[in-house]
Amino acid sequence: MNATILSNSEKHYPVLLKEILSIISPQNGGTFIDCTFGQGGYSKEFLKFNKTKVIAIDRDHESSVIANQIRQQHKDQFSFFIKKFSEIDKIKIENSKIKAVIFDLGCSYTQIKDPKKGLSFESKGALDMRLGLNNFSADDVINKLSQKDLELIFKYFGEEKDSKIISKKIVNQRVKSNLNTQQLVSIINSVKKKGGRTNNATKIFQAIRIFVNKEISELIYGLIKSAKILDIDGKLCVVSFHSLEDRIVKYFFKSLSEDKKISRYIPEAQNQNKLFKLDLKKPIYPGSKEINSNRPSRSAKLRYAIKKNNLVDFERDFLKKFSKLLEIENLSKKL
Ligand SMILES: C[S@@+](CC[C@H](N)C(=O)[O-])C[C@H]1O[C@@H](n2cnc3c(N)ncnc32)[C@H](O)[C@@H]1O
């Protein structure tokens with residue numbers, strides 16, 4: 001799809017852009033890594049300043065259409081890689097001190113509206129949900145995994161309280177033929193009562209997308225590796241869109257940062273030798289003006305941390321904390 005000929009209703013608008021610019025100050029120059037290039041909404045803004053360099057990453061091959069256009073205009077300032085951000089350490093960063101690493105998680109509005117990707121519960125046809133560089137699709141998950149495995153995926157990745165009954169119905173109904181998107185939506189609707197502000201299928205679709213794209217390990221290893229790559233005083237910025245993502249980001253930042261209210265009985269050195277410093281404990285939300293002009297921004301939360309020390313082996317507790325989620329992601333080994 002040529003992203004330049006999208007109608008405005010399908011265009012992706014960068015979320016919390018003003019806030020990100022004020023945190024990372026690209027006007028002062030430096031090298032920035034945009035881990036979720038998408039439609040280039042952030043990268044284009046960073047590149048408005050001659051002294052900036054941007055290294056951009058996206059797992060979706062379709063992002064390269066816009067990336068190639070940007071490369072023509074900013075040859076010496078911009079490089080782009082089709083990669084998963086969990087592999088950020090495999091990118092050659094020559095003589096650059098990284099001033100900020102930015103994540104805008106999930107998928108773009110353009111991807112949701114692309115019928116080929118099958119991300120939306122309004123999509124017609126086969127289940128898919130692959131953002132790029134995947135090993136299996138939503139069709140494999142729904143039509144091949146056991147009832148128990150589906151239940152765990154819906155429960156942990158979708159926080160869906162009807163996980164058991166929905167997974168049982170899926171397994172009963174897929175006997176005749178593989179289920180497609182509309183059949184999955186019908187099953188969910190047959191279990192859940194109508195009403196409420198969100199669509200009945202939202203949580204189940206979120207769970208499948210997270211599982212298909214391994215979004216938990218992507219985020220966990222993306223954060224760990226970015227923290228290692230950042231220069232001292234560099235900023236790690238993350239925009240998340242649902243509570244599972246935010247829980248991971250919040251824990252990573254808080255558990256590895258200085259405690260301002262630390263007790264006088266704890267040795268000072270123990271507090272100073274932390275990976276991060278946090279300016280804010282609470283996340284930054286979009287204002288009502290942004291939400292009114294860009295509805296998808298309403299669930300966005302921005303958190304950032306400032307790297308203060310080069311530490312090794314800081315990830316052990318973080319990996320342990322989310323080991324159950326990583327274990328569930330590993331159910332994909334059966335596919
Ligand atoms: C919300 S969009 C980013 C939009 C972008 N900030 C903009 O303003 O145009 C998220 C992008 O991240 C990409 N993405 C998601 N998970 C990824 C991963 N693990 N590695 C690399 N890219 C990823 C998606 O393909 C999508 O293009």
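Trainee: How far apart do the C-alpha centres of domain 1 and domain 2 lie, and what makes these domains?

Mentor: The C-alpha centres of domain 1 and domain 2 are 30 Å apart. The chain is divided into domain 1 (3-104 + 216-313) and domain 2 (115-213), with bounds that come from an automatic or database domain assignment. This is a predicted model, where local features need pLDDT of at least 70, side-chain atom pairs count only at pLDDT 80 or more, and totals for chains, interfaces and linings use all residues. Residues are numbered from 1 along each chain as its sequence is written.

Trainee: Why is strand 5 called largely enclosed?

Mentor: Strand 5 covers residues 230-240, and eight of its 11 residues are buried, so the rest of the structure largely encloses it. A residue is buried if 20 or more other C-beta atoms, placed from the backbone, lie within 10 Å of its own.

Trainee: What makes strand 4 and strand 5 a pair?

Mentor: Two strands pair if DSSP finds at least two bridges between them. Strand 4 (residues 98-104) and strand 5 have six bridges, in the parallel sense, so they meet that definition. Within this pairing, aspartate 104 stands opposite valine 239 of strand 5.

Trainee: Which way do strand 5 and strand 7 run?

Mentor: Strand 5 and strand 7 (residues 301-307) run antiparallel, joined by six bridges. Here serine 240 is opposite lysine 301 of strand 7.

Trainee: How many residues of domain 1 are in contact with domain 2?

Mentor: Eight residues of domain 1 are in contact with seven of domain 2, where contact means C-beta atoms, placed from the backbone, within 7 Å.

Key:
Buried ≥ 20, exposed ≤ 12 C-beta atoms within 10 Å, placed from the backbone. Helix = DSSP H or I, 4+ residues; strand = E, 2+ residues; numbered from the N terminus. Contact = placed C-beta atoms within 7 Å.
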